[in-house]
Amino acid sequence: MVVFRLVFFLFFFKTTVTGNAPILKAWSLGLKFDMRLALILGVPILLTAFIARNHFFTKAAIRRPLFVYLFIVYLVLTLGYVFDLGHYAYLGLRMDPTVTRFLAYGERADNARMLWQSYPVIRTLIGIGLFLFLITIQFTRSYYRMGKEPAVKLGNWKYTGWLASMVILFAAGIYANVAYFPLRWSQAMFTKDNGVTSLSLNPILYYISNMSVQKDTYDIPKTKEYYPVIADYLKIDQPNVDKLDFVRNIPGREGKKMNVVLVMLESTGAAITSMYNNPMMPTPNMKQLADSGILFNNFFVPAISTARTVYGVTTGLPDITLTKTASRHPQMVDQRVVMDQFQGYEKLYLLGGNTNWANIRAVFTNNVEGIKIFEEGYYKAPKADVWGVSDFDLITEADEIFRDANIRQKPFVAFLQLADNHPPYTTTKGRGDFKKVTEKDIDMEKFKKAGFVSMEQFNAIRYEDYNVGHLMELAKQGGYLDNTIFIMFGDHNCTLNPYHFMPTPEYELISGGVHAACFIYCPALVKPQVVNYAVSLVDIYPTMAKLAGIPFKNYTLGQDMLDTTLTSRYAFATYLKNLQTHISLIGQRYQYEINTYTQKSYLYDMQGDPLKDVKQQNPDTAKALDNLTRAFYESTRYLMFNNKK
């Protein structure tokens, strides 16, 4: 594998990156991936050695199956590497399962002729045969030579020590990372340069990691069928059903550049906050900010998942993957995003834990040029729990970064991701003045009506609110409060007991899970107001860029949340109802949903009986929303694969 990596580097590698540091890092990561694959393939041999002990080299019953296994391994690896090099020479990309498209019925003959006419097929096959022959000779000679050596008898204790040592070494090598998370392909995407990323990857492991994406695909005919609907809804500049163009050019404005800070509030649904009249009123700091800024009463995320939210807000695409999440699919990570277009800004992502989580690292490093990632290992504070440093410590150290940029008069756009409002619900004393409450301190009748499932959960949202107040105090002290746009949003709701204090029966409709808190705070730019029409997570970056006066191209599905010229606004969402996936559009009045298993659809009127299906009574509305729901769904599936830089 190292030999093939050297071949790739000497004959196929091209890059626009200057300097040796990225190349050396790519080599370092690539060798780790190679080591991992070698050790994984070595596990069956190790297990055989454990069992056979001194008979490993001498028994034909062991030797023959082992030879067959290793020959198959070398054959598959060699063919895989050769095909990968050919694929890279042809398309400039590592091979992935989409290569099977060349085997499509009716195209096989043409592709075979192209292969024959473009590549030295005969010489390649001869080379592969010779290579495998030499490998086989080298291996068998080494094996027989070692088989002639005298056996070394190990006592049970020595043997147990050797066995334990080998297991630890193999496990450490396969883990391949000195961090909480193992080595992941997202670490290879530390630049936006395809050549450096390709050098970092192991092509076999990369191919395997892409296999799970096979269930997630797109349908060109259906995308084109519903394209006019989504083009009209998004107000696309130059609609073209053949090119499937989604671009909208948004002009900027002159003036001082404002900082932008996105604060992702972990598990902060609308229903658990004071802004939406939770009986316990647990978030007074957030409410004060929302009352002084813009509160979005009907803000929805596309799915109940933190990883899906981070992907969705960054790319402007709902994560509707069937397997895993989009951040874990290499083909879906490459996107043109708005954050990358904040020209002249420092771009920051701050997380208390490790960005190998859900391969989130790649969502940023692969799409945002020059982004600086701050994660565990950077912070002076110790880890509080599995999610890294506490939110209080994360905000305290984030403030130092923000102050430094402000002193240098360098505008910044930052994604600050909180995590403590999540099991295990770790809280700290903060400055020493945060105190947990107990059942003795509260009105338990209100508590039951509020939907919280435990005191730990209640204290966690109080702690998150406490830290939001801490962030605002630090921003004021640091001198960047008046020059910064803050948008705070929940990634999804938390698990709650039944509650009925919201304007609609969202608990019964399941929409409560995707109904999250969201507000903008920036006294220098916005006046207090409440927005009641529906907005979506994917709208956040277009809104922030427009508010900051940044000119940008919008390639995906987000819209400006403050654009009052848009009518009949809806948020696209997916959720499980009766353990079956539904795709849905949620608006201020109507909620329309389609069961993806049965294809049955339902229309609910929030101004009538919200739990009654009124599709039959409103056929025109149902038809229009059915088309728009499917347009969102098909456009998203298409763009996840076809919005590459």
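Q: In which helix does T197 lie?
A: This is a predicted model. Look for the helix whose residues run 194-200. T197 lies in that helix, α7.

Q: Is T197 buried or exposed?
A: Buried means under 20% relative accessible area. T197 has 6% relative accessibility. That value is under the cut-off, so T197 counts as buried.

Q: Which residues does T197 touch, not counting residues up to four places away in sequence?
A: Leave out the residues up to four places away in sequence. The residues that T197 then touches are A188, M189 and T191.

Q: Why is β2 described as largely enclosed by the rest of the structure?
A: In a regular strand the side chains alternate between the two faces of the sheet. In β2, N259, V261, V263 and L265 lie on one side, and V260, L262 and M264 lie on the other. Both sides are covered. The strand is largely enclosed because its buried residues number seven of seven.

Q: Which residue of β7 is the bridge partner of L262?
A: β2 and β7 run parallel and are joined by seven bridges. L262 has its bridge partner in β7. That partner is I487.

Q: What kind of aromatic pair do Y378 and Y379 form?
A: The model has 41 aromatic pairs by the rule used here. The ring centres of Y378 and Y379 are 5.3 Å apart, and their planes meet at 85°. Planes over 60 degrees apart count as edge-to-face. The pair is therefore edge-to-face.

Q: Is Y379 buried or exposed?
A: Y379 has a relative accessible area of 8%. The cut-off for buried is under 20%. So Y379 is buried.

Q: How many residues apart are F415 and F489?
A: These two rings form an edge-to-face pair, 6.3 Å centre to centre. Both F415 and F489 are buried. F415 sits in strand β6 and F489 in strand β7, so the pair links distant parts of the chain. The separation is 74 residues.

Q: Over the face of which ring does R53 lie?
A: K25 lies over the face of F190, at 4.5 Å from the ring centre. R53 lies 3.7 Å from the centre of its ring. That ring belongs to Y159.

Q: What span is expected for helix α14?
A: Helix α14 covers residues 391-407, which makes 17 residues. The rule is 1.5 Å times one less than the number of residues. The helix reaches 24 Å from its first C-alpha to its last, close to the expected value. That expected value is 24 Å.

Q: Which helix do the buried residues of α14 pack against?
A: The buried residues of α14 include F392, L394 and I401. The buried residues pack against strands β2, β4, β5 and β6. They also pack against a helix, residues 455-478. That helix is α16.

Q: Which strands are the edge strands of the open sheet of four strands?
A: The order is β12-β13-β14-β15, with antiparallel pairing. An edge strand here pairs on one side only. The edge strands are β12 and β15.

Q: What angle does the direction of α19 make with that of β14?
A: Helix α19 packs on the sheet. The helix touches β12, β13, β14 and β15. Its direction makes an angle with that of β14 of about 60°.

Notes:
Residues are numbered from 1 along each chain as its sequence is written. This is a predicted model: local features need pLDDT of at least 70, side-chain atom pairs count only at pLDDT 80 or more; totals for chains, interfaces and linings use all residues. Side-chain values use heavy atoms; hydrogens and water are left out. Rings of Phe, Tyr and Trp (its six-membered ring) pair if their centres lie within 6.5 Å; planes under 30 degrees apart count as stacked, over 60 as edge-to-face and the rest as tilted. Buried means under 20% relative accessible area, exposed over 50%, partly exposed in between (1.4 Å probe, protein chains only). Helices (H or I, at least four residues) and strands (E, at least two) are DSSP runs, numbered from the N terminus. A charge sits over a ring if NZ of Lys or CZ of Arg is within 6 Å of the ring centre and within 35 degrees of the ring normal. Contact means heavy atoms within 4.5 Å. Two strands pair if DSSP finds at least two bridges between them. Axes are lines fitted to C-alpha atoms, for helices over the stretch in contact, and angles run from 0 to 180 degrees between N-to-C directions.
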